[in-house]
Number of protein chains: 2
Amino acid sequence: MSIDYTVISTRVRLARNISGYPFPSKLKDETKAKEIVRKVNTAVSKLDSFNLYFMNNISESSAISLKEKYLISNDLIANHNYGAVLINKAEDISIMINEEDHIRSQCFMRGLNLKEAYSRISEVDDKLSNSLTYAFDKDLGYLTACPTNLGTALRASVMLFLPALSQKNYMTEIIREVSRLGLTVRGIYGEGSDADGYMYQISNEVTLGVSEEKILSIVEDAVNKIVVLENKTRKEINLADPIGMKDITKRSFGILTNCAKISSKEFLQHIANVKLGISLGYIKLKEPMVLDNLIVAVRPANINILSGKDLIAVERDIYRAEYVKEILTKNII
Amino acid sequence: MSIDYTVISTRVRLARNISGYPFPSKLKDETKAKEIVRKVNTAVSKLDSFNLYFMNNISESSAISLKEKYLISNDLIANHNYGAVLINKAEDISIMINEEDHIRSQCFMRGLNLKEAYSRISEVDDKLSNSLTYAFDKDLGYLTACPTNLGTALRASVMLFLPALSQKNYMTEIIREVSRLGLTVRGIYGEGSDADGYMYQISNEVTLGVSEEKILSIVEDAVNKIVVLENKTRKEINLADPIGMKDITKRSFGILTNCAKISSKEFLQHIANVKLGISLGYIKLKEPMVLDNLIVAVRPANINILSGKDLIAVERDIYRAEYVKEILTKNII
């Protein structure tokens, strides 16, 4: 099997609100906010074991770490008075409470798994709806704080690794093309550059007047087209200068397995090159799939969790270098 | 034993001219030029086995390779009509004929070995003088084409690796200081920058009115002082930022053991960092002394000799990368 890393992960998110309560932005009453948390938690307790975290009860570092693992959003961190989150053991399902909506449940999976991720989060949603009365309108569908989420309130996202399309400056055109399909593409840190390790998120913009199944299939079709284009472009880039590509990708591997300190940003640039080098056959690893885990593991707050210490930036860069070296070195064939 | 690489090599050179013949620059008569070659060759044939190369009879690539190994000079290459060179098997003694002077004999040794190199080349010179009548004046000493070589006609050079003194911009002051002692310091490619891999050559300027022993001891004393200063400065640089030094030196090692192509210039920068990294204890090699051989081996013409092919620049960069990787990788502890 060739590993191209093009599709990193899938996320399907549902927004729900509980009937009879103001949306979180209007919810100034602590008692009511806590009531919502309690109700959701009670409903969830009938499901597999979830852990409940109150945003005003965990450290900033822990909160950022959850964000780095895609389990919570910046908005939830900002709403640290009333916000909470339920996370399952496998850390692939999270239910944010009192974020923009009362409930934002999501399922996160490796690879392109839109239908399965949707099916898993629907199951959670169905069980929640047994205990909770959702704000629902027969014409508008699920009611949400922001009108852009009305209707299905479904956001299906796929994270992609697109080094070749980025380097050849094809992304602007791709973003324009997919927007015609009601989709949007963003860099995972908003910029969409090498600073993001060439990672992009493609997701549906439109939630109203289209079925859940249709949303999933539009996203999936677009992803499949982009994947074909990315892999074709990689081959072209490689064919134009194979030694150059081998050189760039292997140098990055050499730096990652030897450096004594490395920032998040520089790490992302090199790990992107290493992934590209593996996909082109220049680098071989025993377990190539460790790389996407590594990207998450060495984010700043996660480094603090890994080290068990509250490190300052310079210390994190040293710890990150040691950890990256350890993981890569033991995976050298 | 700590390896600091500070002293790379020693070279002692004697200039001699044969009485009754014009200096090479004035020597337009081919018969006479050939006579000189024959006379020197005959004199040498009484010594250990030497190979004779006529400059107009070897390829440009072979000529440059000899220069890259410090066995001949640019001036000899330029004088390809009448020039020749005798080189011993070990390639540590060479006798250039019809360079600036009729005879330029030199002994090349690893490390700081001025007395031994002088003794070995004197032995050669003594034996040559049994068969040849040198141009000699009882007041001026040995007569040479350029007046700066008159007298002893001895040039004692030591090649030094001075990364810390270079990086701290101390070289200008050192050059000024040693010039007061009648010595000169040059970058090995004339520039004296990182493009030279921080390698410098210190040698005597003055050859007249001072004994051979005195010349050797002035050079040796200056070298010893510079070595102490370099090693002290390395410790200071390292103490100021040990992680930074470890990072820089190990990254260079990572690049050299992974890159798919590398130019001479970039190679020199990284190998200088690797040597620095070994001297500071950040990098360990089974046989650290391979590095100075490697520097000579991967110069452009030597790469052609190594590969057995007449490679173009891009191909040499690829071959160099492979060769460097091979040598370094098998020396990793």
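Me: A polar contact is a pair of N or O atoms within 3.5 Å, where within protein one atom must be able to donate a hydrogen and the other to accept it, and residues adjacent in sequence count only if both atoms are side-chain atoms. In this predicted model, with the side chain of which residue does the side chain of Asn258(B) make a polar contact?

Reply: Asn258(B) is found in the loop between α8 (242-256) and α9 (264-279) of chain B. Its side chain reaches the backbone oxygen of Gly254(B) at 2.8 Å. A polar contact with another side chain, at 3.4 Å, is made to Thr257(B).

Me: Does Asn258(B) count as buried or exposed?

Reply: Leaving aside residues up to four places away in sequence, Asn258(B) touches Lys250(A), Arg251(A), Phe253(A) and Gly254(A). Buried means under 20% relative accessible area. Because the relative accessibility of Asn258(B) is 10%, this residue counts as buried.

Me: Turning to another helix pair of chain B, at roughly what angle do the axes of α2(B) and α11(B) cross?

Reply: Ser61(B), Ser62(B), Ile64(B), Ser65(B) and Glu68(B) in α2(B) meet Pro300(B), Ala301(B), Asn302(B), Asn304(B) and Ile305(B) in α11(B). The helix α2(B) passes α11(B) in a left-handed crossing. With α2(B) spanning residues 60-68 and α11(B) spanning residues 300-307, their axes come within 7 Å and cross at roughly 115°.

Me: Which elements are included in what covers the buried residues of α11(B)?

Reply: The buried residues in α11(B) are Ala301(B), Asn302(B), Ile303(B), Asn304(B) and Ser307(B). Just after this helix, Gly308(B) takes a positive phi of about 75°. The cover over the buried residues of α11(B) includes, from chain B, α2, α10 (290-297) and α12 (313-329).

Me: In chain A, which strands stand at the edges of the open sheet, and why is one side of each left without a neighbour?

Reply: The open sheet of eight strands pairs in antiparallel fashion and has the order β2-β3-β4-β5-β1-β8-β10-β9 (chain A). Each edge strand has a single partner strand, so one side of each lacks a neighbour in the sheet, and in chain A these strands are β2 (50-54) and β9 (183-187).

Me: At about what angle to β1(A) does helix α4(A) run?

Reply: On average, neighbouring strands of the open sheet in chain A are turned by 20° against each other, direction ignored. Helix α1(A), residues 30-44, lies across β2, β3 (84-88), β4 and β5 of chain A and runs at about 155° to β4(A). Helix α4(A), residues 114-131, lies across β1 (7-16), β3, β4, β5 and β8 (154-161) of chain A, and the angle at which this helix runs to β1(A) is about 25°.

Key
Residues are numbered from 1 along each chain as its sequence is written. Chains are lettered from A and ligands numbered from 1 in the order in which they are written. This is a predicted model: local features need pLDDT of at least 70, side-chain atom pairs count only at pLDDT 80 or more; totals for chains, interfaces and linings use all residues. Side-chain values use heavy atoms; hydrogens and water are left out. Two strands pair if DSSP finds at least two bridges between them. Helices (H or I, at least four residues) and strands (E, at least two) are DSSP runs, numbered from the N terminus. Axes are lines fitted to C-alpha atoms, for helices over the stretch in contact, and angles run from 0 to 180 degrees between N-to-C directions. Contact means heavy atoms within 4.5 Å. Buried means under 20% relative accessible area, exposed over 50%, partly exposed in between (1.4 Å probe, protein chains only). A crossing is left-handed if the near helix is turned anticlockwise from the far one by less than a right angle, and right-handed if clockwise.
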